[in-house]
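Let's take a walk through a protein model together, starting with the whole and then stepping in among the strands. Keep the 3D view open beside you as you read.

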Amino acid sequence: MARIIETATGTIEKGEVDPVTLDLIENGLRNARYEMDEVLFRTALSPGIREQHDEFPLIADPDGKMVVGQFGLSIPDFLDGFDGTIEEGDVLLTSDPYACGAAISHANDWLVVVPIFHEGRVVGWSAMFGHMSDVGGKTPSSMPTDALTIYEEGVVIPPFTLYKKGELNEDALRIILNQVRKPDWNRADLNGLVAACRTAARRVAEMCDRFGTGTYLSALDALLQRNYDAMKVLLSMVFEEGRTLSFTDYICDDGVGNGPYELKLSLTRTGDKVHLDFTGSSPQAAGPINYYINENLTRMFFGIYMITVADPQILWNDGFYPLVDVTIPDGSYWKPEHPASLNGRNHGIGRVFDLFGGLLGQTNPALLNAAGFSSSPHFMYSGHYSSGERKGEWFQLYSIGFGGIPGRPMGDGPDGHSLWPSFTNIPCEYLESYYPLRIEKWETIADTGGPGLHRGGNGVDVAYIFEEPGTIAIHDDRWLTYPWGVNGGHPGARGTKWIERADGTRSVLPSKCHDVPVRPGDVLHFVTWGGGGWGDPLERDPELVALEVRRGLVTTKGAERYGVCVAEDGTVDAEATETLRDQMRADRPAELPVFDMGPPIEELLARCEEETGLPAPKRPVWV
Amino acid sequence: MSYRLGVDVGGTFTDVLLVEEGSGSTWRAKTASTPADQAVGVLNGIGKVCAEAGIELAEVAQVLHGTTVATNAILEGKGATVGLVTTKGFRQVLQIARSFVPGGLAGWIIWPKPEPLAALENTVEVDERIASDGAVVRELDEADVRAQLEKLRGNGIEALAVSLINSFADPAHERRIAEIAAEVLPGVPISLSSDVLPELREYERTLTTVANGYVQPQVKRYVQSLAGNLADGGVAGELAILRSDGGLSSAGNAIDSPVTLLLSGPAGGVTGAVWVAEQAGYRDLITFDMGGTSTDVGLVQGLTPKIGRETKVGDLVVRSSSVDVRTVGAGGGSIAHVPELTRALRVGPQSAGADPGPAAYGKGGTEPTVTDANVVLGHLPTTLAGGEITLDVEAARAAVGKVAEAMGLDSPEAAAAGIVDIVNENMLGGLRLVSVQQGFDPRDFALVAFGGAGPLHANALGKLTGAWPVIVPPGPGLLCALGDATTSRRDESARTVLRRFGELTGEDLAAILRDLAADAGRRLAEQGLAAADQTVGYQVDVRYHGQGFEIPVDVDPSWLDAPDSVLATLGKRFDAEHDRLFSFLLTVDHEIVNARATVTGPKPDVAPVTLPEGDGDPAGALVQDHRIYVGGEYVPAGVYDRAKLRAGDVVRGPAIVTEMDSTTLVLPGHAATVHAAGSLLITPEA
């Protein structure tokens with residue numbers, strides 16, 4: 001348990017805050033939070049943060065409750081696990097999920113926590129974590145797809161004091177950076193994280209000066225209360241007392257031959273409170289796909305879905321947490337036991353979006369989206385230049401792929417986009433300037449979005465031609481189970497990866513693999529999955545379907561899944577369309593299912609090898 | 001006698017300012033804007049102002065014009081139908097749009113994705129490939145180019161954009177496509193990405209090139225029609241258009257690169273603000289231009305506006321140099337609302353627009369706007385100077401009363417004060433973006449306020465930022481026209497270098513920069529600006545190798561005379577800037593990303609006006625006794641007619657100063673001193 005040293009004595013008088021001052025402080029906090037992003041983006045070196053913005057900031061109250069941010073890091077859990085004193089000028093660092101109550105969920109994420117002091121007392125915390133492109137270990141980018149323990153996943157930093165009263169612990173940092181392949185990247189990214197947290201600290205101190213510390217702290221309480229009150233109303237509006245809702249989605253495999261993993265979530269409201277229960281989910285995986293989630297993160301995911309649609313401008317925070325009880329079974333996919341491997345948890349984090357959508361959408365039509373691009377699939381390529389002026393120099397690429405946003409209540413899902421906020425792809429010209437590769441094709445694939453009144457977004461095919469020998473690694477999913485459709489919409493297409501070798505042979509790659517050797521001239525096709533469709537595809541405007549055929553987003557054949565016949569010149573054949581639609585309506589049940597998950601799991605497994613070119617995984621069982 | 005004409009076309013009025021260079025005498029005309037063909041209003045205004053000055057149109061040496069034609073084409077979605085040619089495999093570059101979804105964690109659920117500026121059905125790909133170092137991987141397949149361009153025939157293409165992968169490294173394929181397109185699609189204007197933006201990053205370059213084509217036909221029509229009408233009307237002088245970066249460009253150049261005009265309007269305001277601040281004796285300033293639906297803020301240091309590398313219009317962000325103004329989506333017309341769930345007070349982003357407008361305008365609006373809040377508080381007197389406009393106080397009170405009720409406040413005044421505080425806080429967020437977040441302390445700057453609503457909120461923002469004095473120039477519309485009339489000729493050449501310091505010599509860098517300067521200088525010489533009158537400025541974008549963002553660093557031309565040390569000097573300058581912005585340095589090698597040369601003509605010699613000397617007492621300008629609500633109570637406040645104020649007069653707050661198209665609020669504890677050059681300088685009273 002951390003001991004906090006404050007030089008100030010006496011107590012701060014809290015009191016009522018007038019509503020306008022409250023909104024002013026809300027604004028100030030929001031500005032400070034975005035400024036944190038800005039500082040980090042501009043200074044980071046590693047592609048993961050710099051180009052793809054894989055980072056999450058927060059500002060908390062003195063108790064560690066998040067008052068603004070988007071990923072409720074658990075500062076109280078962090079402080080519980082930290083044995084030492086904390087004083088003004090200190091900066092804390094960790095990358096150990098098991099030592100901070102899963103405030104972060106794999107060792108690539110470095111979490112910086114800064115106490116915010118004002119006039120000798122703690123008035124809050126700023127914290128930020130970012131994904132380091134490499135933290136050492138047995139494979140470049142530190143995410144071995146066959147890891148069975150966290151010890152294989154690079155350097156794991158316990159919570160410690162990186163800066164003591166403003167003084168950097170050079171020795172500790174040197175030891176850490178000695179473990180990693182690109183120490184310049186880690187150093188710059190870490191500097192950026194610290195600079196961002198310090199910026200937030202300055203802004204908070206300025207607000208204490210401007211409004212008075214008592215008023216500032218009272219405002220935080222009120223902002224937390226505002227979320228609590230709003231959520232209380234929402235819960236009773238949306239969920240029927242005593243009725244249990246459940247939804248199950250899947251992670252296809254764990255990288256070492258097991259799967260699919262069932263992710264089950266249930267919700268019951270009793271009085272003012274709801275209970276979220278992960279019971280029924282699969283046991284922890286042998287491979288590294290476990291997503292160690294904590295109770296507060298679960299609350300955060302739940303809340304953000306509930307409230308974003310109701311007041312998009314609200315300052316998102318932890319205030320409603322007392323209204324949500326969470327049960328996570330020990331030893332499950334969500335709470336694996338130390339030292340289970342964790343590096344490939346990106347699928348689980350992403351799948352949480354689908355899981356909550358499927359759960360909450362059942363009683364909240366505005367939230368019922370189809371299944372989307374619920375991951376952030378990784379692609380890595382590394383090696384040494386074999387010739388030229390850079391001969392012998394190490395290159396290492398880490399990048400994220402994008403796919404189909406699902407069909408949504410408000411309209412079509414964008415093609416080849418990110419479900420994660422502010423992530424962007426790395427430009428082709430940037431990759432080609434800095435890495436020995438060329439990109440032959442970067443486009444979305446027609447018909448991979450699920451048909452619906454609102455079409456799911458298409459998946460993407462990026463074809464990389466390698467120019468130097470090296471190795472590649474891939475972390476992806478949804479190659480076996482389907483991105484489901486809703487309200488009569490159909491599932492989107494699954495993802496796939498293959499290499500066309502320079503010698504003309506072709507081989508399908510597993511969705512999770514590493515240390516795959518590549519030679520100059522080999523071409524990797526990194527094909528992501530599409531979003532599910534929303535609503536009845538037979539209701540979609542035939543003219544829009546035809547336009548999308550002309551745009552190359554849907555093929556003539558694919559248009560038939562909407563019951564639309566498109567002539568050779570790209571226009572609608574109205575008569576044939578009507579006939580086809582009548583026929584299709586007659587051939588299907590009158591009532592369309594809310595969820596279309598595609599074929600049952602048994603069937604997917606039975607046809608796995610034939611359809612995907614990959615052996616069927618083995619279903620996990622609780623022992 | 002030499003006359004310059006500044007012309008600013010706003011949504012409602014067209015302002016024309018005639019300046020006699022020798023004496024600095026000015027004449028001003030305000031005429032109704034003519035949105036259908038803006039040139040009509042411009043000519044009306046020019047005729048009017050020349051008549052007033054008693055001069056012939058032929059005596060006008062130059063017509064200098066800031067235009068919103070390009071901006072409006074984008075905001076209203078009324079640009080040209082653009083065809084796009086890409087490298088095979090990259091046809092969907094605008095569809096994928098870097099995969100970026102704005103907003104927070106669940107933001108994708110409620111994000112309406114904008115349609116690409118060049119429709120996918122009008123985008124074709126051609127077989128060719130150039131590597132990032134300029135080497136040809138695959139030759140251009142000319143037969144394929146013809147076949148693909150044929151597909152666009154019959155699609156009604158009005159402009160063609162060509163953007164091939166790595167064309168910044170070698171433009172040959174793009175140029176050849178332009179030649180073929182001229183045959184296959186005769187008469188269609190062509191924008192090449194290697195001309196418009198020869199910089200790395202295919203999406204940004206493609207988008208900027210398409211935007212250039214998108215606005216080009218309208219800009220061309222407008223500029224040609226205006227130039228023709230001016231000539232027909234007897235104006236002998238040439239027409240020059242204000243660029244987004246605050247420099248002037250010939251009409252011909254403006255037509256070729258219309259994407260450089262997207263912020264022509266705001267650039268006029270910033271250059272005008274620089275002019276008035278200089279007259280009042282201030283060199284460092286923050287500009288605060290608050291209009292009906294949005295507010296633009298910018299920063300000026302040493303009388304030089306900060307220039308940004310991005311231009312943002314609506315949802316569109318293109319890579320083009322512009323005065324670095326940040327836009328806050330709130331203005332006088334922004335609507336206040338209280339979401340039922342959280343009972344928080346929100347202002348904007350919805351706006352009442354011009355129609356129906358604020359409730360106080362009596363045109364059927366019932367939603368409470370910022371303007372209504374100002375009316376309720378008495379900050380906007382109901383009968384403005386001259387009595388031309390009357391405001392409906394009861395309607396404003398009723399509208400704002402809804403907010404009071406929803407928040408549980410006891411009076412419309414309390415709600416109105418809240419609305420004004422919130423909108424000021426939004427403005428403060430914008431002002432921080434250009435100051436604190438860029439490492440500048442706003443207390444070192446003056447705040448120049450203009451736009452219809454700027455002077456009402458400026459004193460409050462001075463208090464929030466500590467930027468004093470708050471300078472309120474005479475006549476907000478006049479300011480843009482003044483900016484147009486007082487800026488200089490400019491052009492810029494740029495290219496991507498992308499080399500680490502270790503990979504090039506000082507000589508290499510000097511040669512690159514001098515080539516760029518020669519290029520821009522040649523274009524200006526073609527416009528008649530003699531080489532002797534050209535001033536060259538250099539800038540390079542530097543970062544630590546591996547970073548994703550660059551910091552622009554000015555290169556003093558004298559550094560190029562010592563090529564051995566130029567890189568070291570540059571590195572030191574960059575490190576200092578990085579340290580100032582982020583408080584740390586890295587030990588990895590520096591890298592030059594882009595290089596630019598800007599060539600500028602001489603600044604016009606326009607003498608300032610001088611108001612007659614007063615005795616410090618503004619009593620002669622007092623038009624009515626009034627009361628305003630401020631700090632939770634009503635206090636008496638005088639209303640002054642700005643036209644009657646003399647140099648040196650001091651208006652003590654609480655007070656209101658009115659003029660034809662603007663109202664200035666002076667808060668208690670502050671005083672506005674009338675400067676001889678016409679501005680009001682508001683400062684706190686000791």
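Let's begin with chain A, where buried residues make up 60% of the 623 residues. Keep in mind that you are looking at a predicted model. What is chain A built from? Its secondary structure comes to 14 helices and 24 strands. The radius of gyration of chain A is 25 Å, close to the 25 Å that the globule rule gives for 623 residues, so chain A is as compact as a globular protein of that length.

How do the parts of chain A meet? Take the contacts between residues at least 6 apart in sequence: 74% of them join residues at least 24 apart.

Now move over to chain B and find strand E24, which covers residues 535-544. Is this strand mostly covered or mostly open? Strand E24 of chain B is mostly covered, with 7 of its 10 residues buried. Strand E24 pairs with strand E26 (residues 590-600) of chain B: the two run antiparallel and are joined by 10 bridges. Strand E25 (residues 551-555) of chain B also pairs with E24 in the antiparallel sense, here over 5 bridges.

In strand E26 of chain B, the residue opposite B:Gln539 is B:Arg596. In strand E25 of chain B, B:Gln539 stands opposite B:Asp554.

Next, follow the chain from E24 to E25 in chain B. These two strands form a hairpin with 6 residues between them. In the turn sits B:Gly546, with a positive phi of about 105°.

Which strands make it up, and in what order? This open sheet has 4 strands in the order E27-E28-E30-E31, with mixed pairing. Its edge strands are E27 (622-630) and E31 (662-666) of chain B, each of which pairs on one side only. On average, neighbouring strands of this sheet are turned by 25° against each other, direction ignored.

Look inside the sheet at strand E28 (residues 633-641) and strand E30 (residues 655-659) of chain B, which pair in the parallel sense over 4 bridges. Here B:Tyr640 stands opposite B:Val657 in E30 of chain B. As you trace any strand, remember a general rule: in a regular strand the side chains alternate between the two faces of the sheet.

Notes:
Residues are numbered from 1 along each chain as its sequence is written. Chains are lettered from A and ligands numbered from 1 in the order in which they are written. This is a predicted model: local features need pLDDT of at least 70, side-chain atom pairs count only at pLDDT 80 or more; totals for chains, interfaces and linings use all residues. The radius of gyration is taken over C-alpha atoms; the globule rule is 2.2 Å times the number of residues to the power 0.38. A residue is buried if 20 or more other C-beta atoms lie within 10 Å of its own, exposed if 12 or fewer, and partly exposed in between; C-beta atoms are placed from the backbone. Two residues are in contact if their C-beta atoms, placed from the backbone, lie within 7 Å. Two strands pair if DSSP finds at least two bridges between them. Axes are lines fitted to C-alpha atoms, for helices over the stretch in contact, and angles run from 0 to 180 degrees between N-to-C directions.
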